[in-house]
Amino acid sequence: MTGADSLERAIHERVTLVPYDPAWPGRFAAERARLLRRFPGALREVVHIGSTAVPGLPAKPVIDLMAGVDSLAVADELIPPLLESGYVTSAEFNAALTDRRWLMRHAEGHRTHHLHLVVHGERLWRERLAFRDALRADPALAERYALLKAELAARHPDDREAYTRAKGAFVRAVLANAGSMASPR
């Protein structure tokens, strides 16, 4: 498979959930270390977010990393060297984002990593950590989220954006309950 074929397949990959894989934290740690070596000082912190960061939770087998930067201007400066280090992105998609930048790694037609460049400590940073931490702390909440994700994956198997949007109300309810907006980290 050529690199172009792999990218095309990864872009259009179906929403498929798999059981939790205990190897996911190690895959996160390896990519975190690689990014911190490649971009010393530019990334304030790199954390594991998303469902692969919640032990026991089924997920799309894509490691979500959130890297804290000082500003979106810094994020924009990092995109060219990130592209040289194995990530791909969509300029059009990123132009529509007001609070982050997004990149993806892929191999053999499958997404392997999503990298979210977010201003460290700001609202989106705090919310993503609060949501992850709420799921980690409450197995019943994590189970409700797993059931919702399974239902939405069945409903939107070929539309990752619709799948993500459909989880929004659940995420907002968890954040409102967690009080993440009232207690910045």
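Modeller: Strands are DSSP runs of E, at least two residues, and helices are H or I runs of at least four, both numbered from the N terminus. The model is predicted, so local features need pLDDT of at least 70 and side-chain atom pairs 80 or more, while totals for chains, interfaces and linings use all residues. Residues count from 1 along each chain as its sequence is written, and side-chain values use heavy atoms, without hydrogens or water.

Colleague: What makes β2 and β4 a pair?

Modeller: Seven bridges in the parallel sense link β2 (63-69) and β4 (110-119); the cut-off is at least two, so they pair. Asp64 stands opposite His114 in β4.

Colleague: Why are β1 and β3 at the edges?

Modeller: The open, mixed sheet runs β1-β2-β4-β3. β1 (45-49) and β3 (100-107) each have a single partner strand, so one side of each lacks a neighbour in the sheet.

Colleague: How do you know what span α6 should have?

Modeller: Expected span is 1.5 Å times one less than the number of residues. For the 17 residues of α6 (139-155) that gives 24 Å, and the end C-alpha atoms are 24 Å apart, so the two agree.

Colleague: Which residues of α6 are called buried?

Modeller: Buried means under 20% relative accessible area (exposed is over 50%, partly exposed in between; 1.4 Å probe, protein chains only). Leu141, Tyr145 and Lys149 are among them. The buried residues of α6 pack against α5 (123-137), α7 (160-166) and α8 (168-178), where contact means heavy atoms within 4.5 Å.
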